[in-house]
Amino acid sequence: MRVLFCVCCLISVNIFAQKTDSVTEKKITTLLSKMTLEEKIGQLSQPVLDEHSKDVENEIAAGKVGSFCSFNKRHYTPSERNRLQKIAIEKSRLGIPIIFTYDVIHGFSTIYPISLGLSASWDLNLAKQVASMAAKEARYYGIDMTFSPMVDVSRDPRWGRISECYGEDVLLNSVFGKATVEGYQGNDLSKHENIGSCVKHFVGYGLSMGGRDKQFTEISKNTLLNTYLPPFKSAVDAGAVSVMTAFNDISGIPASANKFTMTDVLKDQWGFDGFTLSDWDAVLELQNHGIAGNDKEAAEKAINAGLDMEMRSDMYLNLVKSVKEGNVKESVVDEAVRRVLRIKYKLGLFDNPYIDDKKSNKVQLTEENRKLARKAGAESMVLLKNNGVLPLGKKGRLIIDGPFTNSKDMLGWWIGNGDDQNVVTVEEGIRNKTAGKLQIIHGSLSRNYDKTVLICLGESGGNFGESNCITDVTIPKSQIELVKEAKAKGKNVIAVIFNGRPWVLTPIMDYADAILIAWHPGTEAGNAVADVLFGDVNPSGKLTCSFPKMNGQIPIFYSDRISGRPRENKYKNIDANPLFEFGFGLSYTKFEYSNLKMSSNTLKKDGSITVSIDVKNIGKREGKEVVQLYIHDKVASISRPKRELVKFAKPNIKAGETQTITFNLSASDLAFYNIDDQYTLESGAYDLWVGGSSNCELSSKFTLED
Ligand code: GLC
């Protein structure tokens, strides 16, 4: 009987699940049949709330707003959101709810490290936790969907938006994108702990020519398939409900009018059933790109290529005419509207369009959230150099100096409801940590007998991010001088750097005794820095983007391809290696790698092999180590990267302990788009390395066989 029961229960759940989908689709079909063409176009419009304050009620009541973009904390409140939603539900003819959206990128009220920093933690569980924390704060504030994660692979620190992605590597952008989508969306989007995820910017934005934001790109189809698309596939497979198209063109065809990427790949091949959304004015800008001669043509090119919703610009208002003229089939509009309505159902907006605005404040910036942000801040920091001056003692005397010692400018870009007044500064963090046992002397007051000086350097959050592209990523001269002066006084110099992108640190390498990359760590900046400086947290971050020796090396990344003459492809004045490579980061302890073993040196195309390595903590304190596994496909139908990260783990290893770390390497980990742009496996010889950075040397070989 029990077996019968289980089987029935299984089937009933299954049918129930299918019924819900078909029920939803039936509701959408019914709703669509009632909608006028104008109302359908209204669902495809996402105006910016701030810019419609005077006539917003009429716009909503007329069914012209499918979604609102951006919120401005000066006047967007949970109750205001409910008021606007009520107009949509009660005043518009069909009562279709609105999706409220915003850039919740690295926190909403409690801000955690910028994405480039968080990725240096190599901790996917942490990424999921902080996304989940942000989702709850944002949803209870009335944000239904966030324009995040940003998974644009970037290898050019001149581009200010490198700060927003998860670094230079395809796998890391893929797995962090997946973890972030899962953290945002949870297992039920209708719950007010979760928000919808709109992954961006689709696609190839990180390759903007010359590191100039929104500049054109030249991307071969194969590079698109093997490097820039996979992180989006990972986010879509994780269930992202929307995809935002990028500003750039893709080898001449703007992303917002690119049928190949939006329809052929995203919708047809990947089966994406959410909606595509343009970036800010990107439909209007098709005219600047020179592929549309007027507003109506821009709208027609975009929607016929698969762009469902338009952000801010109102080109889509021309579609009523376009449909009547036959330039756009009404079925194309219907499909776009269906996708938008589908996500509104998934978000539960039809059944539960309002948020509990009484509860909102209770979930913002809680102690628990601050603790998590503090943990993320410390886990993201990367120790690049340490002559033994770190960790610091909590007693005695410390000179602190530098422009970021008492700065609250630690939140980076996209700070939502975050407030820099809530930021813990470095000095505050040190005082919290040492509780009066440490005498703090400000640099300018220091005496010559003081031994150690802590210099807090970096760049303002307004110096990186969107449109903030620069040709020189060298640490500023004034900051180099600070380090040199301190050294000249015979000090032990500890440099903590709050940067939003890889910097050229070459000028301070001979003067700083320790260098800690802190990124923009968020609300708990000072406490997180103090946790690491005084050793309560053993730094375990590893770079996810290469730090160049000099600007002229840019773009520089570990997974480039081997030239026909490897010995000749460097510069006359410098080698082709970065100052600090991808995957590099120090600890307060040391790890030794040995005993690399493989279960077999042949891997069948339908099989897997295990790769194990012993990692010994040969230092005096416990620490986490990011163990990385790289491969190189030696002979293939196209030239393959000289190294590719395929696996990683982050074990915590006690002092003196040896752990055997085992990876399961399956053939599918080696699949790529070959010379015919077919996603496939090609048999042949592979090199394999395992170690603590992309320069690791412990190696082995294996052959992939049919
Ligand atoms: C911006 C950005 C995009 C952001 C959008 C809405 O221009 O390119 O990342 O999500 O506008 O703020």
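Trainee: Between which two strands is the loop that holds Pro391?

Mentor: The model is predicted, so local features need pLDDT of at least 70 and side-chain atom pairs count only at pLDDT 80 or more, while totals for chains, interfaces and linings use all residues. Residues are numbered from 1 along each chain as its sequence is written, and side-chain values use heavy atoms, with hydrogens and water left out. Helices (H or I, at least four residues) and strands (E, at least two) are DSSP runs numbered from the N terminus. On that numbering, the loop with Pro391 lies between strand E11 (382-386) and strand E12 (396-401).

Trainee: What is omega for the bond that joins Leu390 and Pro391?

Mentor: Leu390 and Pro391 are joined by a peptide bond in the cis form. Its omega is about 0°.

Trainee: At roughly what angle do the axes of H6 and H7 cross?

Mentor: Axes are lines fitted to C-alpha atoms, for helices over the stretch in contact (heavy atoms within 4.5 Å), and angles run from 0 to 180 degrees between N-to-C directions. The axes of H6 (residues 124-139) and H7 (residues 170-185) come within 7 Å. Their crossing angle is roughly 35°.

Trainee: How do the residues of the contact of H6 with H7 divide?

Mentor: H6 contributes residues including Ala127, Ala131 and Ala135, and H7 residues including Phe176, Ala179 and Gly183. Ala, Val, Leu, Ile, Met, Phe, Trp, Tyr, Cys and Pro count as nonpolar, Asp, Glu, Lys and Arg as charged, and the others, Gly among them, as polar. The division is 9 nonpolar, 3 polar and 2 charged.

Trainee: What percentage of the area of the ligand does the protein bury?

Mentor: For Asp279 the value is 2.6 Å. Taken alone, the ligand exposes 310 Å² (Shrake-Rupley method, 1.4 Å probe). The protein buries 95%.

Note on methods: A polar contact is a pair of N or O atoms within 3.5 Å; within protein, one must be able to donate a hydrogen and the other to accept it, and residues adjacent in sequence count only if both atoms are side-chain atoms.
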